[in-house]
Amino acid sequence: MLVKDTKVIFFDKSLKNVQDIIVGDKVKTKYGNKTVIEVSSQTEATRKFIFSDGFKIVVSNSQEFLLSANEWKKVSELNEGDTIAKLDNDFAKIVDITDLVENQGVIIRTEDNKGVMLSNGMMVR
């Protein structure tokens, strides 16, 4: 689950807030451009991450990030110092994690369920 105002990259490299995405939109993923097949909202416990490139994001504990080792890891299992994969073989290290209360957010599923790309090039699913 991504919280309100999280930016997602579209197939044409434009950005859109997660709450404005609808079924049928085409988003950029590590595996090419994919069609959004489901959008839903829910409330979950969240964590705030700050990365070495200055990027900050709040995501639910059930989300997964793509690590530099090309494996997916749940947000609840990530630690400071873990390295997250980004677009074009770039990486960002987690420098700070804060556990937060429950937040409402949006879940996006693509046709292959392999995640969506955030504005800084990280992949989440």
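Reader: Where is the place of D5?

Author: D5 sits in the loop between β1 and β2 (7–9). A word on the model before we go on: it is predicted, so local features need pLDDT of at least 70, side-chain atom pairs count only at pLDDT 80 or more, and totals for chains, interfaces and linings use all residues. Residues are numbered from 1 along each chain as its sequence is written, and side-chain values use heavy atoms, with hydrogens and water left out. The element names come from DSSP runs numbered from the N terminus: helices are H or I of at least four residues, strands are E of at least two.

Reader: What is the phi of D5?

Author: It is near 75 degrees, a positive value in a residue other than glycine. K13 also has a phi near 75 degrees, again positive and again not a glycine. K13 lies in the loop between β2 and β3 (15–17).

Reader: Is K13 buried or exposed?

Author: The general idea first: buried means under 20% relative accessible area, exposed over 50%, and partly exposed in between, with a 1.4 Å probe and protein chains only. K13 is exposed because its relative accessible area is 64%. D5, at 43%, is therefore partly exposed.

Reader: How should I read strand pairing, and how many bridges join β5 to β10?

Author: Two strands pair if DSSP finds at least two bridges between them. Strand β5 (residues 32–51) and β10 run antiparallel and are joined by 15 bridges. Within that pairing, E38 stands opposite R109 in β10. Strand β1 (residues 2–3) pairs with strand β10 (residues 91–110) in the antiparallel sense too, over two bridges.

Reader: Which strand does β9 run antiparallel to?

Author: Strand β9 (residues 83–85) is joined to β10 by three bridges, and the two run antiparallel. T83 stands opposite K93 in β10. β9 and β10 form a hairpin with five residues between them, and D88 in the turn has a positive phi of about 60 degrees.

Reader: Why is K34 classed as buried?

Author: K34 is buried because its relative accessible area is 18%. The place of K34 is in strand β5. Its contacts, leaving out residues up to four places away in sequence, are D25, K26, V27, T29, T110, E111 and D112.

Reader: And which residues is L67 in contact with?

Author: Beyond its neighbours within four places in sequence, L67 is in contact with K73, L78, T83, I84 and A85. L67 lies in the loop between β7 (64–66) and β8 (72–74). With a relative accessible area of 9%, L67 is therefore buried.

Reader: How many aromatic pairs are there?

Author: Rings of Phe, Tyr and Trp (its six-membered ring) pair if their centres lie within 6.5 Å; planes under 30 degrees apart count as stacked, over 60 as edge-to-face and the rest as tilted. By this rule there are four aromatic pairs. The rings of F49 and F65 have centres 5.8 Å apart and planes at 70 degrees, so this pair is edge-to-face. The pair links distant parts of the chain, with F49 in strand β5 and F65 in strand β7, 16 residues apart. Both F49 and F65 are buried. F51 and F55 form a tilted pair, 6.2 Å centre to centre with 35 degrees between the planes. F51 and F55 are both buried. One aromatic cluster is formed by F49, F51, F55 and F65.

Reader: Last topic: how much space lies in the largest pocket?

Author: On a 1 Å grid over the protein atoms alone, a pocket is an open set of points where a 1.4 Å probe fits, with protein on both sides within 12 Å along at least five of seven lines; lining residues have an atom within 4 Å of a point. Grid points are joined across faces, edges and corners, and a volume is the space filled by probe spheres set on the points. Here the largest pocket holds about 270 Å³. Of its 18 lining residues, the closest to the centre are Q63, I107, I108, R109 and R125. The elements that give two or more residues to this lining are β5 and β10. The largest share, five residues, comes from β10.

Terms used
Contact means heavy atoms within 4.5 Å.
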